[in-house]
There are 2 protein chains.
Amino acid sequence: MEASEKVHTAQFLQHQLQEVITLLAKQQLEKSLVQRGPATNHELVEAVLHKQHQTRLQEKFALLHPADIAFILESLPLDQRETAWDAIKTDHDGQVLLEVSDAVRQTLISGMEAEELASVAGNMDADELADLAADLPKRAMLRILRSLNSTERMHLNAILSYQDNQVGALMDFGMITIRDDMSLKAILSYIRKLGKLPSHTDKLFVVDQHNQVKGILPLQRLLTHSPSLHVAQVMVTDFVVFQTDQDTNEASRAFERYDLISAPVVDKNGELQGRLCVDSIMDFIREKSDEDLLSQAGVTEEEDLFSSVWKSAKNRWGWLLINVVTAFASTRIIGLFEDVILQLVALASLMPIVAAMGGNTGNQTSMLIIRSLALGQITPANVQRLIRKELTLALLNGTFIGLIMGLLGFFLYRNLALSGVMATAMFINLLVAVIVGLSIPLVRYRFGKDPAVGTSVILTSITDSMGFFIVLGLANLFLLGK
Amino acid sequence: MEASEKVHTAQFLQHQLQEVITLLAKQQLEKSLVQRGPATNHELVEAVLHKQHQTRLQEKFALLHPADIAFILESLPLDQRETAWDAIKTDHDGQVLLEVSDAVRQTLISGMEAEELASVAGNMDADELADLAADLPKRAMLRILRSLNSTERMHLNAILSYQDNQVGALMDFGMITIRDDMSLKAILSYIRKLGKLPSHTDKLFVVDQHNQVKGILPLQRLLTHSPSLHVAQVMVTDFVVFQTDQDTNEASRAFERYDLISAPVVDKNGELQGRLCVDSIMDFIREKSDEDLLSQAGVTEEEDLFSSVWKSAKNRWGWLLINVVTAFASTRIIGLFEDVILQLVALASLMPIVAAMGGNTGNQTSMLIIRSLALGQITPANVQRLIRKELTLALLNGTFIGLIMGLLGFFLYRNLALSGVMATAMFINLLVAVIVGLSIPLVRYRFGKDPAVGTSVILTSITDSMGFFIVLGLANLFLLGK
């Protein structure tokens, strides 16, 4: 890929995007002008103009890195995206398809013929094909499978047999293996004969006749040691290796921890299966963090900026429906206490504050727990200390925020009993919130589930219900008797 | 670092952590037993036991990578962390200090003498020192500065002169520069003479006599081309280069886009200043995504799992106070309409649903916008299409969720007029929510501010207020007349 590395700043890319949009808009305009013009030669003129535009687009895209083309396609509305893709798809093979996000890839593939797809896929490595496989129509996939040789098919099947969160699904097969009885000189001339190393080759893998990894030979050592030495004398035997069925999250932590660029991946018997590279890990980290952030609001990665309105709606309704149901359930508490409100209407405007603050403090606790669980920092040995700390904090927060609540209540209604009840309700609800904020992620994690998923909805639903219940219940007990 | 690369799975680390905690607990126990025992020889016995434990801890830590030690320290409660750190700090120099999170580093440094710190820092590179600088006490820093030679001091000053979000702050000086008139053979023997390449060296930088970067020589090309060729014949002239004052976010996107391992960093005049490596970029991405996630709940990176209760409280109160104020402000709307509620108490339990759903839909929109802005996908040319799409979606959502709201209302209170008002209020509030969810991040971005910061608080505050206002206002207009 070095040949196409260019100095591309964000401004440069935005500028390119702007130009492409202008080109496409012009094309649209001319087309409509021709159609509205005199009826003769319509199709001929249109065809000539179309040809001109396609050529201009192709010239523009020819200068860009596939990742940059992917960026521009992602930023285009659906119809313009299709026009642009028509102009460029033949030149850039599958690289652009590999670089775009899943949602955009589906829109691009949906407009392509099976044969077209098969020819595009013809130039791909097994690990790249595996990335596309889920999005390809069956017919195209069969065609592609038939065109693969047996090694490629084996590689493809190997990757596809792993789950998304397993290391095996992210590995590639670009490793170079050597034996430990070779001299460095032999290795150097072997590499020269290869003529090209796979990208991200920072080390060679030393294997024995059973394909067991004995060590690694960093290029650095190859370059700095005497060529007369043997691999066994120079190789590193104390290295990081991953299992095909290992959790990718764990592997990404190891890449960060040990500053890896590439590492061997082995199966249960210790046989070399492939390698894991830092570029896949970076993509994984980015996708995971985007997903975590968007899922907080119930938007999935499936949705791109210009997904059709229907697709976006379907994507978001699930989450909104869950929220309607939980909001409905928690406000039913208020319904039970309608007579309390009628007797003391101030409660109607004060209780939402108690409910909301419960959600806020509970979220602070659960976010910290979720992140520490992801980092593997919480163990049976320290979890009690952690719980004690968060509870102490909750007592402090409850006193502080409860006091403020009481003062606000008194300031508004000059009613000491009312403000006492509000302060107490706030104190209790913040305690409840922290207990819930601790419990949900810890319990979910204990039972092997993702501690982040749904935590905030359940938490808010509980803190809302409890907030309303505590305020109205306390008011019912202590205020209405008077 | 190769020598200390080891096969460390998460289980392995958790196991190590467990063992350290057990060791520390045993030490604590024995100490208290001795103190409660017969009064003779207290100090002697204690000293012997202490020595024993320290040795055992040191043996344990000696086997671990600095990043793993950092992990264990981060997972220990404050007092145990200090004991463990006392046992190991001399052996592991500054590497552990560099690997721990900012909050934990402060707790470790606070217990160290200026001389101790200066000697630890003595083995560090300028870019590593720069990482620590903010956390070091002034006295230690002065001592360290005096011990540096002029190049090191220049490097340190260079890094410290950049802001956190600029590429210059993340660069290091481990680049190897060559001239284009050298032969590959000369380069090979030069490297052999060096004996060691800086980590992440995947390419050498080709500079002229003015220190301008002319090209790069990937190790790959060095290995695959004939040693008799000259650098000028083999080097790549079309490569990615960063500016010292460029935004780090942008650089991290470029690393992902072009799968870089290292890249030159130049100043405004094109002179080579340093290099940027993928490990720093990975750390940056991780920190940024942790920060984005935690800041959603108003928790800063300053807080670690076992920060003291007071520190945690101070860290979280700012956010909670803001939320009290906004919640208070928005519920004041309810206070204005107390007579409406007294006439139709059903509103008290129905209006929180309308307010909450506004927050939910608005958040979906703003999250998508914030993420697309971070990716640079939103431009003046496509923003109108985007706004149109989100507004159409809001009309759909409003009709759908509004209908559900109306049905729920009718189901509960058998009042057609009331359920009509609730449905309309929901429809209007969802429209308001999407407009606000679009505007806040776009406007903040327009004025050069981080679109993510505070968006959700402001959004929720507006959708709550508007939700209450619309429900109560409509009820006042259409329901109470009857």
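1. Is A:Arg414 buried or exposed? This is a predicted model, and in it A:Arg414 has 9 other C-beta atoms within 10 Å; the cut-off for exposed is 12 or fewer, so A:Arg414 counts as exposed. You'll find A:Arg414 in the loop between helix 19 (383-413) and helix 20 (416-446) of chain A. Have a look at its backbone too: A:Arg414 is not a glycine, yet its phi is positive, about 50 degrees. For background, most residues other than glycine have a negative phi.

2. With 15 other C-beta atoms within 10 Å, B:Asn211 comes out as partly exposed.

3. Now the strands on either side of that loop. Strand 2 (residues 203-207) of chain B is joined to strand 3 of chain B by 5 bridges, and the two are antiparallel. If you want a pair to click on, B:Leu204 sits opposite B:Leu217 of strand 3. Both strands belong to an open sheet of 3 strands in chain B, ordered 1-2-3, with mixed pairing. Its edges are strand 1 (177-178) and strand 3 (213-218) of chain B, each of which pairs on one side only.

4. There's a further open sheet in chain B, again with 3 strands and mixed pairing, in the order 4-5-6. Strand 4 (242-243) and strand 6 (272-277) of chain B are the edge strands; each has a single partner strand, so one side of each has no neighbour in the sheet. Strand 5 (residues 262-266) of chain B runs antiparallel to strand 6 of chain B, with 5 bridges between them. One of the bridge pairs is B:Ser262 with B:Cys277 of strand 6.

5. Over in chain A, strand 5 (residues 262-266) and strand 6 are antiparallel and share 5 bridges. Together these two strands of chain A make a hairpin, with 5 residues between them. In the turn, A:Gly270 has a positive phi of about 80 degrees. Within the pairing, A:Pro264 faces A:Arg275 of strand 6 of chain A. Strand 6 (residues 272-277) of chain A has 5 of its 6 residues buried, so the rest of the structure largely encloses it.

6. On to the nonpolar cores. The largest one has 161 residues, and A:Val206, A:Leu276, B:Val206 and B:Leu276 have the most contacts inside it. Apart from that core lies another, of 114 residues, which includes A:Phe328, A:Ala348, A:Val354 and A:Met426. In general, nonpolar side chains tend to be buried together in soluble globular proteins.

7. What is A:Val206 in contact with, leaving aside its neighbours within four places in sequence? Among its contacts are A:Ile178, A:Val213, A:Ile216, A:Leu217, A:Val231 and A:Met235.

8. Between the chains, 110 residues of chain B are in contact with 111 residues of chain A. On chain B, helix 19 (residues 346-374) gives the most to the side that touches chain A, with 15 residues. That side of chain B divides into 58 nonpolar, 30 polar and 22 charged residues.

9. Helix 16 (residues 309-336) of chain A and helix 20 (residues 383-413) of chain B have axes that come within 10 Å and cross at roughly 35 degrees. The crossing of these two helices is right-handed. Residues making the contact include A:Trp317, A:Leu320 and A:Phe328 from helix 16 of chain A, and B:Leu396, B:Phe400 and B:Ile404 from helix 20 of chain B. By class, the residues of this contact are 12 nonpolar, 3 polar and 1 charged.

10. Finally, two long-range separations. B:Thr399 is in helix 20 of chain B and is partly exposed, with 14 other C-beta atoms within 10 Å. Its C-alpha atom is separated by 61 Å from that of B:Gly111, 288 residues apart along the chain. A:Glu291, in helix 15 (residues 278-295) of chain A, is partly exposed, with 14 other C-beta atoms within 10 Å. From A:Glu291 to A:Tyr413, 122 residues apart along the chain, the C-alpha separation is 45 Å.

How values were computed: Residues are numbered from 1 along each chain as its sequence is written. Chains are lettered from A and ligands numbered from 1 in the order in which they are written. This is a predicted model: local features need pLDDT of at least 70, side-chain atom pairs count only at pLDDT 80 or more; totals for chains, interfaces and linings use all residues. A nonpolar core is a set of buried Ala, Val, Leu, Ile, Met, Phe, Trp, Tyr and Cys residues joined through C-beta atoms within 7 Å. A residue is buried if 20 or more other C-beta atoms lie within 10 Å of its own, exposed if 12 or fewer, and partly exposed in between; C-beta atoms are placed from the backbone. Two residues are in contact if their C-beta atoms, placed from the backbone, lie within 7 Å. Two strands pair if DSSP finds at least two bridges between them. Helices (H or I, at least four residues) and strands (E, at least two) are DSSP runs, numbered from the N terminus. Ala, Val, Leu, Ile, Met, Phe, Trp, Tyr, Cys and Pro count as nonpolar, Asp, Glu, Lys and Arg as charged, and the others, Gly among them, as polar. Axes are lines fitted to C-alpha atoms, for helices over the stretch in contact, and angles run from 0 to 180 degrees between N-to-C directions. A crossing is left-handed if the near helix is turned anticlockwise from the far one by less than a right angle, and right-handed if clockwise.
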